[in-house]
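Please look over the model shown here before reading on. The briefing that follows is grouped by topic.

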Protein chains: 2
Amino acid sequence: MHAQRRVTSKDVAERAGVSRTTVSFVLNNVPGVRISEGTRQKVLHAARELNYYPNAAARSLASRKTRRIGLVLCQSPERIFVDAFLPGVLRGIGDMAQAQEFGVLLQSVENVAQPDAYTHLVGEKQIDGIILSGPRSDDGQLLALRKEGFPVVLLGQLEGSGVPFVDVDSVGGARLAVEHLIEHGHERIGLITNAPPQYTASAQRERGYRQALEEHGLTYDRGLVCCGDFNEESGWRAMSELLEVVPPPTAVFAASDLVAFGAMEAAKARGLKIPHDLALVGFDDVPLARYVDPPLTTIRLPAYELGAGAGRMLLGLIKGEEVKDTQLFLETELVVRDSCGIHEGATLERSV
Amino acid sequence: MHAQRRVTSKDVAERAGVSRTTVSFVLNNVPGVRISEGTRQKVLHAARELNYYPNAAARSLASRKTRRIGLVLCQSPERIFVDAFLPGVLRGIGDMAQAQEFGVLLQSVENVAQPDAYTHLVGEKQIDGIILSGPRSDDGQLLALRKEGFPVVLLGQLEGSGVPFVDVDSVGGARLAVEHLIEHGHERIGLITNAPPQYTASAQRERGYRQALEEHGLTYDRGLVCCGDFNEESGWRAMSELLEVVPPPTAVFAASDLVAFGAMEAAKARGLKIPHDLALVGFDDVPLARYVDPPLTTIRLPAYELGAGAGRMLLGLIKGEEVKDTQLFLETELVVRDSCGIHEGATLERSV
DNA sequence: CCGCGTTACTAACACGTGTTAAAACCATGC
DNA sequence: GCATGGTTTTAACACGTGTTAGTAACGCGG
C-alpha cells in the first residue's frame with residue numbers, strides 16, 4: 001500500500017556485499033580507518049542506487065549529536081524593528097548551518113513570564129547549541145545553560161554576563177552618522193535617542209554621538225539631547241522639544257529610523273523643509289527608509305552578517321574549536337540619501 | 001567534570017519504584033491503559049524531582065514520529081514582498097506547532113536549480129510533514145512526496161496539482177478594493193496588475209477587478225489595464241501610460257503596494273494631487289503603506305492567519321485526521337487610509 | 001480449592017545507527 | 001611452513017525510548 005519499507009544501512013551493506021559497519025565507515029569518512037577504493041565505490045554506488053538516507057533519529061541517538069541548532073526569538077518591545085531584519089538574519093544563520101549540514105530549529109518565546117519555553121529543546125536533546133535573540137538579563141535559564149557548558153550565542157549583548165555574542169557596533173554607527181553631519185558643516189547637532197538610556201543599544205548610540213562631537217572639538221550640549229521611545233510618536237514629541245531650543249539645531253541625528261519618521265513629520269508640520277532647513281539622519285535602514293519624503297539618510301545594519309556571524313560562532317563552539325573572538329561587533333554602513341542635505345536639489349532617488 | 005550523566009526514564013522508574021514501561025505509560029498518557037492514581041503521582045513526582053526530559057532522538061526512533069514539521073522557503077522573485085510577511089507567517093506556524101508540542105525546522109532553498117534541497121529532510125526522517133512556501137510548478141520532488149503520502153501543505157497554490165494549500169483570497173481582495181472605489185462614485189477605474197498575467201496571483205487579482213466592475217454594471221475597458229512587474233519602477237511606467245488615456249481614469253487600483261508606490265510617484269510627478277485628482281488603492285498592506293504620503297488605502301493580507309492555517313492543516317494531516325477543507329482561501333481586509341479620497345481633508349493618520 | 005475475568009504491572013524486543021575490540025585476510029621475510 | 005605486521009572487515013554492544021505479549025495480584029462465583 002503505502003511507504004515501501006525504509007531503506008536502512010543494512011540494505012546498503014547487503015547490496016554492496018559488505019558489512020553494515022563498513023557502510024558506516026565509508027559514508028561517514030571515519031578518520032583513521034582505511035578503506036580500499038574498491039569497497040568504497042561499491043558502497044557509495046549501492047547507497048545511491050537504493051536512494052539511502054541515514055535515519056536522523058538513530059544517528060542522533062548513537063552519536064549523541066543532533067546536527068541541529070536552535071534559534072530562539074524572544075519577544076522584544078522593538079518588535080517592529082526586529083521584524084524588519086528577521087529575514088536577513090534568518091538567511092545568514094540558514095546559510096551557515098546549511099554549509100555544515102546543520103538544521104535550524106525555530107522557537108519563539110511569546111511570554112517573558114514563561115522563560116523556560118526553550119529549555120525543553122536542550123533537555124530533550126533536540127539541538128546541539130542555541131542562538132538567542134533578544135536576551136533578557138533576568139533570564140536564569142540562560143546562565144544555567146551556559147554554566148553546564150552548553151553552547152550559546154546571543155544576538156545582541158548581555159553586558160557583564162560573559163556569554164558569547166554577536167552585535168552591531170552601535171557606537172561606531174552613531175559616530176558615522178554624526179561625523180557625516182559634522183563634515184558637511186553642521187555644528188549644532190541634536191540627538192534623539194532610540195529608547196530610554198537603560199537600554200544598552202540606546203546608551204551606545206549616545207556614546208557614539210558624544211565621541212563624534214568631542215573628536216571634532218564640538219561641545220556636548222545636554223539641551224540638544226532628547227529621549228525617544230521606539231516609536232514614531234516619541235520621535236514627534238522629541239523633535240517638537242528640540243525645535244523649541246534657541247538657537248535650534250541645524251541637524252538632528254535620530255538613533256532609530258522609526259523615531260526619525262516621527263521627527264520628520266513634526267518638523268514638516270512646523271513648516272520646516274528637510275533637508276533645507278534641517279538635516280536629519282536616522283539609524284537602522286529599515287526597508288521603508290528609502291521611501292519616505294525625503295528619503296532618509298541612515299545607518300544600515302548588517303542583518304545577514306549578524307545571522308551568519310552568530311551561526312558561524314555557534315557552530316565553532318559546537319565543534320569544540322577554540323573560538324577566540326567570542327564577542328563580535330559588526331560594522332555598520334552609512335547610506336546617504338536626501339534627508340541629510342548632501343544631495344540638495346537632486347530628484348527622488350530611485351535606485352536600490 | 002561536565003555533564004552529570006543524563007537522566008533517563010530508567011532513573012525515574014527506579015526512583016518511583018516501578019518499571020520503566022510504567023513510566024512511559026504515565027508520561028505519555030497511553031490510552032487504554034489504566035494506571036492507579038497512586039503510581040501515577042509517584043511517577044510524575046519522581047520525574048519532576050529528577051528534572052527528567054525524554055530524549056527526542058530515542059523517542060523518534062522508537063515511535064517513528066519526530067514531532068517536528070519542516071518549513072521550506074523557496075526563493076521567489078517577490079522576495080521583498082515575502083520578507084514583509086515572513087515574521088507574521090512564522091508566528092502563525094510557530095503558535096500552532098507549539099500548541100501541539102511540535103518543533104519547526106527551517107530550510108531555505110536558495111537555488112531553484114537544486115530543488116532537492118529539502119528532500120533530505122524527509123529522507124532522513126527529520127520531520128513528519130512539510131510546509132512549502134512559494135512552490136514552483138516544475139518541482140518534481142514535491143509531486144513525488146505527495147504521491148508517497150507524505151503530508152504536504154503549500155503556502156500559495158499550485159493550480160491543478162491537487163496539493164493541499166492555504167492561500168489568500170486574491171479575487172475577493174481585489175473585488176473589495178474596486179468595490180470601495182465604485183461605492184464612492186468612481187466609474188473610470190484603472191488597473192495596474194502586480195505582475196505579468198502568467199502568475200496566478202496576478203490573474204486572480206485581475207479577475208476580482210473584473211467581477212467588481214461587472215457586478216456594478218460598469219464595462220471592462222482593456223485600455224484601462226496595465227501590467228506591473230513586482231517593483232515600483234513598473235508601477236511608475238504603468239501609471240504614466242494610464243495617464244495618457246483620454247479621458248484618464250479617476251481612480252486606479254494597483255494590485256501590489258510596491259507597484260502602487262511607483263504609481264503614486266508618477267502621478268505626483270505629473271502634478272496630480274492624490275487623492276484629490278486621482279484616487280489610489282493598493283494591495284498587500286506592506287508595513288510602509290501607512291507611511292507614504294498620502295497614506296495608502298490598501299488590502300491587508302492575513303499573514304499570521306496564513307501561517308496558522310497552514311500549520312493547523314498540516315498538523316491535521318499528520319495526525320491522520322480527515323481534513324475536509326484541504327484548499328483554504330483566507331479573507332482579506334480593506335484598510336482605509338487617505339489615498340482613496342474617503343478621508344479628504346483629514347490629517348495624517350497616526351494610529352496603528 | 002479452582003477457574004475466570006479484570007486490573008496493574010513487567011520482561012523482552014524493536015527502532016537504525018555509531019563504535020570498539022577482535023578476527024580474517026594478505027603479503028613479506030626468515 | 002610459519003611467525004609478523006599491517007590492512008580490511010566483522011560481530012557485538014550501546015544509545016533511550018515505545019510497545020506487545022505475558023504474568024502476578026485480586027476479587028468472585030462455583
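**Briefing**

Arg205(B) is buried, at 7% relative accessibility; buried means under 20% relative accessible area, exposed over 50% and partly exposed in between, with a 1.4 Å probe and protein chains only. This is a predicted model, in which local features need pLDDT of at least 70, side-chain atom pairs count only at pLDDT 80 or more, and totals for chains, interfaces and linings use all residues. Residues are numbered from 1 along each chain as its sequence is written, chains are lettered from A and ligands numbered from 1 in the order in which they are written, and side-chain values use heavy atoms, with hydrogens and water left out.

**Salt bridges within chain B**

- Arg205(B) forms a salt bridge with Asp284(B), at 3.6 Å from N to O; the term stands for a side-chain nitrogen of Lys or Arg within 4 Å of a carboxyl oxygen of Asp or Glu.
- Arg205(B) is in helix 9 (residues 200-215) of chain B and Asp284(B) is in the loop between strand 9 (279-281) and strand 10 (298-300) of chain B, so the pair ties together parts that are 79 residues apart in sequence. Helices (H or I, at least four residues) and strands (E, at least two) are DSSP runs, numbered from the N terminus.
- Asp284(B) is buried, with a relative accessible area of 3%.
- Another salt bridge joins Asp285(B) and Arg300(B), at 2.9 Å from N to O.
- Asp285(B) belongs to the loop between strand 9 and strand 10 of chain B and Arg300(B) to strand 10 of chain B, so this pair ties together parts that are 15 residues apart in sequence.
- Asp285(B) is buried at a relative accessible area of 12%, whereas Arg300(B) is partly exposed at 31%.

**Salt bridges elsewhere**

- In chain A, salt bridges with shared partners link Asp285(A), Arg300(A), Glu333(A) and Arg337(A) into one network.
- Over all chains, the structure holds 19 salt bridges.
- Side chains of opposite charge can pair when their charged atoms come close.

**Interface of chain B and chain A**

- How many residues does the contact take from each chain? It takes 43 residues from chain B and 43 residues from chain A, contact meaning heavy atoms within 4.5 Å.
- About 4200 Å² is buried between chain B and chain A, and carbon and sulfur atoms give 57% of that area. Buried area is the accessible area (1.4 Å probe) that two parts lose on being put together, summed over both.
- Four salt bridges are counted between chain B and chain A.
- The elements giving two or more residues to the side of chain B that touches chain A include helix 4 (56-63), helix 5 (79-99) and helix 10 (232-242) of chain B.
- Helix 5 of chain B gives the largest share of that side, eight residues.
- A salt bridge pairs Arg91(A) with Asp83(B), at 3.1 Å from N to O. This pair crosses between chains, from helix 5 (residues 79-99) of chain A to helix 5 of chain B.
- Arg290(A) and Glu232(B) also form a salt bridge, with their closest N and O atoms 3.4 Å apart.
- Ser60(B) lies in helix 4 of chain B and is buried, at 8% relative accessibility.
- Leaving aside residues up to four places away in sequence, Ser60(B) touches Ala57(A), Lys65(B), Thr66(B) and Arg68(B).

**Nonpolar cores**

- The largest nonpolar core has 143 residues, and those with the most contacts inside it are Met239(A), Phe253(A), Met239(B) and Phe253(B). Such a core is a set of buried Ala, Val, Leu, Ile, Met, Phe, Trp, Tyr and Cys residues joined through side-chain atoms within 4.5 Å.

**Backbone details**

- The peptide bond between Val246(A) and Pro247(A) is cis, with omega about -10°; Pro247(A) is in the loop between helix 10 (232-242) and strand 8 (251-254) of chain A.
- Ile274(B) and Pro275(B) are joined by a cis peptide bond with omega near 10°, and Pro275(B) lies in the loop between helix 11 and strand 9 of chain B.
- Asn29(A) is not a glycine, yet has a positive phi of about 50°; Asn29(A) is exposed, at 54% relative accessibility.
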